[in-house]
Amino acid sequence: MAENARQAQQLLQPLPTDLAASYFEEVIGRLGVTLEVRLDSKDKGKGVFATKAFAEEDVIFEEPALVGAQHTANRDDALVCSHCFRFIGSIGIQIAHRLLAKGCSDVNPDYLRSLWSGVAELPYSERYPLPELVTCLGGCVDTVYCSDGCAAANWAAHHRLLCSGPRAPPAPVSAPAEDHHPRRPSSFEAFRESRERLQTPGLQSLTAPMREEPPNLRKADAVRRFKEHADETNDAFHLAAQVIAGTLLRADEPLSNGFAPEARITSDRNWAALQRAWRPYAAAWKAPWWECVAIPEDVTDGDSFRSDLQELASDSLKLLKAFLYDERFPALFHLDVYGSIMAMFELNNLGIYVASPVEEYFELCHAEGGGLSEEEQKLTQLITRPLLDSLGESYEAGCQGSAFYALQSCCNHSCVPNAHAFKRANIDIDGRATVLAKRPIAPGEEVCLSYIDEDAPYHERCAALADYGFTCACDKCVAEAGVPGKAAV
Ligand SMILES: [Zn+2]
Ligand SMILES: [Zn+2]
Ligand SMILES: [Zn+2]
């Protein structure tokens with residue numbers, strides 16, 4: 001037990017330099033970028049540096065998320081790939097998905113269902129083609145993908161351990177009523193049906209257990225209980241689960257392949273494998289979430305607020321351990337480690353945003369000069385106007401979530417940044433981080449991003465950065481603090 005706590009504390013320390021260096025070499029190599037991660041840049045710890053010149057607007061790097069999840073509240077707004085966060089299905093499916101989820105009564109639900117299934121299609125929506133929907137390899141309805149590649153990659157990265165499996169014996173797929181719509185993915189109807197069943201209260205207890213696989217069913221129930229708890233309390237728990245599951249899979253792989261033959265003691269081999277697998281997250285916050293999160297202004301009893309958070313994390317971890325615990329890696333399941341992973345997501349600037357293609361579609365049909373003739377717009381709007389009205393002001397809602405990026409998370413902050421994370425219209429259509437140069441960057445220069453609104457007044461910037469646990473000492477802050485050195489107070 002003491003050993004477990006000691007190892008957990010070690011996971012929360014910065015990586016030994018050799019492990020860190022080899023890890024970031026791997027990351028740089030995998031992304032194929034002309035950058036280096038220096039592990040000790042002045043007082044700021046590690047930082048990302050250019051190894052060639054970049055012109056203004058150049059892409060400095062792009063990288064997919066290591067872990068990422070759409071916000072629970074956003075799932076009804078955007079149907080996206082659970083791995084890369086691209087919009088999927090079709091414009092009609094996206095609109096029907098939202099209006100059906102909202103329980104909209106202004107549009108005929110039969111029409112929405114026919115949009116859902118691809119029987120009906122919206123005029124000109126073929127100008128915005130989206131990838132067809134691919135269901136989970138394990139048969140769950142929690143995840144859905146844009147391609148077989150994303151389904152397989154997500155499965156390998158962590159979903160294999162987090163899949164709740166099929167909820168019930170596969171529903172009979174109703175015979176296709178349409179003859180000339182071969183584009184509809186065959187798995188789509190089954191996916192929709194099972195998801196609808198999932199959302200119907202009461203049916204859960206009626207579902208007959210699948211007798212063929214009793215142990216999996218127990219695991220599936222445990223997975224579902226964990227996910228429901230995360231949905232109801234804090235959806236960053238989904239990300240924490242991905243981090244733990246991914247680390248476990250990466251630690252297990254070399255062990256199964258005879259890693260570290262020089263270590264004769266099994267527990268040492270397990271610990272070495274865990275340390276290696278943990279490398280991406282070794283920069284996680286040292287303090288657990290409940291200790292470092294800012295107390296909301298309307299909370300009077302800060303201590304009980306913090307202990308409530310700790311209890312919440314403890315409950316979530318218990319639910320996770322019920323199906324994921326691995327006795328080879330006890331430190332990975334220590335509450336302090338779980339808390340530091342939560343802190344990483346709650347306190348860092350790690351948002352995913354992907355713009356919705358629905359916005360462009362409505363622009364085509366409704367905006368002046370949107371690309372259709374006046375006559376075409378008039379005819380189209382007979383169909384699209386009621387949909388647009390029902391969607392209301394948030395018709396353009398994009399995909400929103402949280403993620404962790406190996407390289408972007410190494411970029412230090414500056415209030416006069418030379419780079420920014422930016423989504424280029426029609427180019428950056430998934431959840432990858434894209435970092436562009438804001439001005440020319442010379443070889444050897446550090447690539448800095450702004451974590452906050454860098455145009456805010458000095459004191460507001462200080463307050464915002466306090467949430468990230470540091471005081472900025474960039475040129476602008478030093479100048480604006482009046483007295484040099486005051487910025488460091
Ligand atoms: Zn995808
Ligand atoms: Zn699954
Ligand atoms: Zn600053």
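Mentor: α9 and α10 are oblique to each other, a class for angles that are not under 35 degrees (roughly parallel), over 145 (roughly antiparallel) or 65 to 115 (roughly perpendicular). The axes of α9 and helix α10 (residues 266-277) cross at roughly 130° and come within 8 Å. Axes here are lines fitted to C-alpha atoms, for helices over the stretch in contact, with angles from 0 to 180 degrees between N-to-C directions. Helices (H or I, at least four residues) and strands (E, at least two) are DSSP runs numbered from the N terminus. On the α9 side, Thr247, Arg250, Ala251, Pro254 and Leu255 make the contact, and on the α10 side Arg269, Asn270, Ala273, Leu274 and Ala277; two residues are in contact if their C-beta atoms, placed from the backbone, lie within 7 Å. By class, six of these residues are nonpolar, two polar and two charged, where Ala, Val, Leu, Ile, Met, Phe, Trp, Tyr, Cys and Pro count as nonpolar, Asp, Glu, Lys and Arg as charged, and the others, Gly among them, as polar.

The model is predicted: local features need pLDDT of at least 70 and side-chain atom pairs count only at pLDDT 80 or more, whereas totals for chains, interfaces and linings use all residues. Residues are numbered from 1 along each chain as its sequence is written, while chains are lettered from A and ligands numbered from 1 in the order in which they are written.

Ala251 sits in helix α9 (residues 236-256). Ala251 counts as buried because it has 23 C-beta neighbours inside 10 Å; the cut-off for buried is 20 or more other C-beta atoms within 10 Å, for exposed 12 or fewer, and partly exposed lies in between, with C-beta atoms placed from the backbone. Beyond four places in sequence, Ala251 is in contact with Ala273, Leu274, Ala277 and Phe329. Its C-alpha atom is separated by 8.9 Å from that of Trp271, 20 residues apart along the chain.

Helix α5 (residues 148-162) also packs with α9, at an angle of about 110° and with the axes 8 Å apart, so α5 and α9 are roughly perpendicular to each other. Ala157, His158, Arg160, Leu161 and Leu162 of α5 meet Ala241, Gln242, Ala245, Gly246, Leu248 and Leu249 of α9. The contact of α5 with α9 has seven nonpolar, three polar and one charged residues.

As for the whole protein, there are 17 helices and 12 strands, and 36% of the 489 residues count as buried.
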